[in-house]
Amino acid sequence: MLRFGILSTAKIARELVIPAIQDAENCVVSAIASRDLVKARALADRFSVPHAFGSYDEMLASDLIDAVYIPLPTSQHVEWAIKAATAGKHVLCEKPIALKAEEIDQVIAARDRNNVIVSEAFMVTYAPVWRKVRALLSEGAIGRLRHVQGAFTYFNRDPANMRNMPELGGGGLPDIGVYPTITTRFATGKEPLRVQAVTERDPVFGTDIYSSVKAEFDGFELSFYVSTQMANRQIMVFHGTDGFIEVRSPFNADRWGPEEVELTNQSHNLSQVFRFQDSRQYRCEAEAFARAAAGEPEEIVTLENSRANQRFIDAIYRASEKDGWETV
């Protein structure tokens, strides 16, 4: 059993990741760390976790854990991923692992120096829904892929929320823009060549609150928009010469709606729906990570993959500042 330590009492850890790890077959939460020992102990008691620490460094120095999950604000991910790797712990770090692609090079160096696993927590890449989409595309179920279309939006103007704080790494592209990019790259196995983009920032917060993106891949285009101040919506569609694939609940599986992939033929008179009841993508992520940490052959999100995805996001920001194409 891989023994996880949780680096902070963040909401995503409390509500999604800790329950998923505790439900997994090959890993367990052994410790909770917080800068406030009372908070750490309270969360540990809530989930029957045996150990609590009043500092992150104290937990990293402990031999009670083998790996850490990092759900800290984005601006702290690189720092603590490196510290955890240096302490000899495997690292599962919440996305985005960095705010610039070049920052990930430091994490790669720490990973290699200490011979540990470090992975960005893109739960979607472990979801049966997205494994099915990848398989359908690989099988040629829609013929030649020509266009991918996506959207991910929610409404949040809470000034106390880290998503609205640029100093903590807030903004729409770091928070949700990474999902249309990672899922398109995952499902197609291809990388973007160049992008065009328009981005709007909140006049008070300074964070990016809306982006409309067009990206050119080899053989197809991706267009998507994301926003932190629009009505909730999630959709991804892969459109080819012989049909199209629509992904329902593409990102927040289990919480958004039905976990379904619908394959429709060219004439639009025949559809197949593939349903994935309670896919537990966070549990799948934890179990795959634990297998990789144990040295078993397992497909996880590598730091090299993360660097490529962040390079895409960096190019979107650059493209937003000019009229025309920007090379990724």
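This is a predicted model: local features need pLDDT of at least 70, side-chain atom pairs count only at pLDDT 80 or more; totals for chains, interfaces and linings use all residues.
**Entry 1: the start of the chain**

I began with S1 (residues 2–7), helix H1 (residues 11–23) and S2, which make a right-handed β-α-β unit. Right-handed here means that, with the strands pointing away from the viewer, the path from the first strand over the helix to the second runs clockwise. My helices (H or I, at least four residues) and strands (E, at least two) are DSSP runs, numbered from the N terminus. Residues are numbered from 1 along each chain as its sequence is written, and side-chain values use heavy atoms, with hydrogens and water left out.

Next I followed the chain from S2 through helix H2 (residues 37–46) to S3, and this β-α-β crossover is right-handed.

**Entry 2: the parallel sheet**

I looked up which strands pair, meaning that DSSP finds at least two bridges between them. S1 and S2 are parallel, with 6 bridges, and Ile6 stands opposite Ile32 in S2. S2 and strand S3 (residues 51–53) are parallel too, over 3 bridges; there Ala31 faces His51. On to S4 (residues 67–70): 3 bridges join it to S1, again parallel, and Phe4 sits opposite Ala67.

Put together, I get an open sheet of 6 strands in the order S3-S2-S1-S4-S5-S6, with parallel pairing. S3 and S6 (118–121) are the edge strands, each pairing on one side only. The twist averages 25° from one strand to the next; for angles, axes are lines fitted to C-alpha atoms (for helices over the stretch in contact), and values run from 0 to 180 degrees between N-to-C directions.

Buried means under 20% relative accessible area, exposed over 50%, partly exposed in between (1.4 Å probe, protein chains only).

**Entry 3: the mixed sheet**

I then traced an open sheet of 9 strands, S14-S13-S12-S11-S7-S10-S9-S8-S15, with mixed pairing. Strands S14 (271–275) and S15 (326–327) are at the edges with a single partner strand each, so one side of each has no neighbour in the sheet. S12 (residues 243–248) and S13 (residues 260–265) run antiparallel and share 6 bridges. In that pair, Ile245 is opposite Leu263.

Helix H6 (residues 128–138) packs on this sheet, touching S11, S12, S13 and S14, at about 170° to S12. Touching is contact, meaning heavy atoms within 4.5 Å. Helix H9 (residues 303–319) packs on the sheet as well, against S8, S9, S10 and S15, at about 65° to S8.

How many residues of H9 are buried? I got 12 of its 17, including Leu303, Phe312 and Tyr317.

**Entry 4: the cores**

A nonpolar core is a set of buried Ala, Val, Leu, Ile, Met, Phe, Trp, Tyr and Cys residues joined through side-chain atoms within 4.5 Å. The largest has 75 residues, and Phe4, Ile6, Trp130 and Ile245 are among those with the most contacts inside it. Helix H7 (residues 172–188) gives the most to this core, with 7 residues.

I also checked Trp130: leaving aside neighbours within four places in sequence, its contacts include Thr183, Phe186, Phe238 and Val247.
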